[in-house]
Amino acid sequence: MSNLFIDGITSFIQSTGLAKLFTATEGTALAFAGVDFGSIVMLIVACVLIYLAIGKQFEPLLLLPISFGMLLANLPFSNLMHNVLFVGSGEEHFVMSFSDILHKGGLLDLLYLGVKLGIYPSLIFIGIGAMTDFSPLIANPKSLLLGAAAQLGVFVAFFGALFLGFSIMEAMSIGIIGGADGPTAILVTKTLAPKLLPAIAIAAYSYMALIPIIQPPIMKLLTTKKERLVKMDNLRPVSKLERLLFPIIVTIVVGLIVPDAVPLVGCLMLGNLFKESGVAERLSKTVQNELMNIVTIFLGVTVGATASADTFLRAQTLYIVVLGLVAFSISTAGGLLFGKLMYVLTKGKVNPLIGSAGVSAVPMAARVAQTVGQKEDPTNFLLMHAMGPNVAGVIGSAVAAGVFLAMAKVL
Amino acid sequence: MENITQGAVVAVIGICTVFAVLAILWGVLELMRVIFTAKDKKAKAPAPAVATPASATAPVEDDSELIAVLTAAIAASLNQSTYNLKIKSYRRVETAPVWNRTARRDNLNG
């Protein structure tokens with residue numbers, strides 16, 4: 001009788017997370033003397049990120065689910081997430097088994113399928129499309145080139161990552177941080193380098209939150225006061241027909257040239273057509289609000305949950321954070337320099353500051369251009385002019401992602 | 001080293017494609033603009049609007065009653081005596097659209 005009681009208590013104690021933390025087997029990340037420091041550090045990292053999301057309001061809508069997902073997944077024995085099912089445990093050629101995932105997977109494993117199969121980024125893009133007004137771009141199509149120039153950082157960081165010893169696939173995923181577009185980065189990374197997903201997603205979203213700090217010094221450094229003072233002509237009004245045709249034309253043109261960009265650009269334009277058509281208001285509202293919010297929760301929690309000690313606590317993560325910053329800064333510089341070129345070519349009609357908005361973080365980057373412009377001249381309103389390159393940047397980084405995905409297939 | 005050369009190829013192709021795609025879109029959009037603005041010009045019939053200068057000269061009236069009301073209202077809201085207040089000028093703040101005024105009235109009454 002008493003034996004049964006003691007056995008019961010012992011097996012209960014052994015099933016607690018605490019027991020797991022202090023009986024770690026050697027070989028798991030950062031385990032010393034039987035203590036699983038890896039999980040402990042990850043729990044602390046998760047709490048710090050939760051603080052940044054709530055206390056400092058860094059992209060809280062994403063960082064909060066990401067950080068809590070990290071917390072959930074790193075509780076020993078919680079069985080919500082099994083990274084092994086998706087990336088294997090070090091085999092050379094790991095093949096993901098859906099049957100295993102469905103049979104052994106926990107809640108987060110099942111939700112993570114939406115990331116793994118590339119469902120969430122596309123659904124989010126439908127919502128972004130429905131929230132985006134492309135008319136500043138239609139009125140001033142030149143700004144498309146600024147959106148292209150601001151992808152420079154993507155390719156520079158890609159190169160930098162190769163020099164630091166990352167494989168080509170990993171380097172592509174790191175480079176795409178420079179596109180400043182969370183869903184795009186996630187779509188590329190989950191396909192090409194799933195192990196880097198948490199680090200890249202967190203880097204991409206943190207830098208988007210830091211845009212107002214990162215960009216202005218670069219903008220001031222690369223432009224003269226005279227250039228910053230340029231006032232641009234009013235944008236022409238855009239007719240409804242043009243706004244209707246735009247999403248259709250863009251989908252066809254981009255889809256025919258870079259088919260791999262269709263999951264992003266196609267969905268972006270679908271959402272935009274919902275909005276501009278004026279006949280599908282209910283759909284437009286749903287994709288902007290309910291669908292977007294639900295998908296954001298699933299995406300955030302599961303991306304956070306992929307951050308386990310053995311994939312996250314590595315020197316690689318630090319490299320990714322640094323390369324991400326480089327990518328971001330060079331993208332900003334690329335847009336600005338192209339803006340300066342346009343300033344010269346148009347004989348001073350284009351304010352180069354709007355080039356920095358070519359990084360696709362909508363609408364933060366455009367707001368930064370506006371603020372920096374207004375510091376020089378409070379009567380200068382660059383916001384609408386900067387929205388053109390800004391939304392062009394979304395298309396640009398989606399195209400860059402498509403190119404990477406296509407190249408990865410042939411390499 | 002092989003990685004770097006391969007990477008260079010990828011980067012060059014990549015940046016060229018991005019520029020090419022967006023440049024093509026630029027071309028298409030310019031084309032669209034030309035087509036539509038050309039159409040617009042034809043459709044635009046000369047219809048000069050005749051501006052009718054509004055002769056809005058407010059009738060001069062005795063506003064001492066209004067000032068008394070305003071003083072009382074301010075005194076009530078500041079919890080002060082009317083002796084501490086002196087209204088130097090007043091100006092109607094807004095001519096809000098009818099829906100705004102309705103909403104405000106509903107809020108006050110409800």
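**Helix packing and the chain contact**

In chain A, helix α14 (residues 197-209) packs against helix α21 (residues 315-345) at an angle of about 35 degrees, and their axes are 10 Å apart. Please bear in mind that this is a predicted model. The crossing of α14(A) and α21(A) is right-handed. On the α14(A) side, the contact is made by Ala199(A), Ile200(A), Ala203(A), Ala204(A) and Tyr207(A). From α21(A) come Gln316(A), Thr317(A), Ile320(A), Val321(A), Gly324(A), Leu325(A) and Phe328(A). By class, nine residues in this contact are nonpolar, three are polar and none is charged.

Helix α8 of chain A covers residues 119-131, which makes 13 residues. From first C-alpha to last, α8(A) reaches 19 Å, close to the 18 Å expected at 1.5 Å a residue. Of its 13 residues, 11 are buried, so α8(A) is largely enclosed by the rest of the structure. Among the buried residues are Tyr120(A), Pro121(A), Phe125(A), Gly127(A) and Gly129(A). What do the buried residues of α8(A) pack against? Their partners in chain A are α7 (107-116), α13 (182-192), α18 (262-277) and α19 (281-305).

Finally, I come to the two chains together. Here 23 residues of chain B are in contact with 33 residues of chain A. The side of chain B that touches chain A comprises 17 nonpolar residues, five polar residues and one charged residue.

Thank you for your attention.

Methods:
Residues numbered from 1 in each chain as written. Chains lettered and ligands numbered in written order. Predicted model: local features only at pLDDT ≥ 70, side-chain atom pairs only at ≥ 80, totals over all residues. Contact = placed C-beta atoms within 7 Å. Nonpolar A, V, L, I, M, F, W, Y, C, P; charged D, E, K, R; others polar. Axes fitted to C-alpha atoms, helices over the stretch in contact; angles between N-to-C directions. Helix = DSSP H or I, 4+ residues; strand = E, 2+ residues; numbered from the N terminus. Left-handed = near helix turned anticlockwise from the far one by under 90°. Expected span 1.5 Å × (residues − 1). Buried ≥ 20, exposed ≤ 12 C-beta atoms within 10 Å, placed from the backbone.
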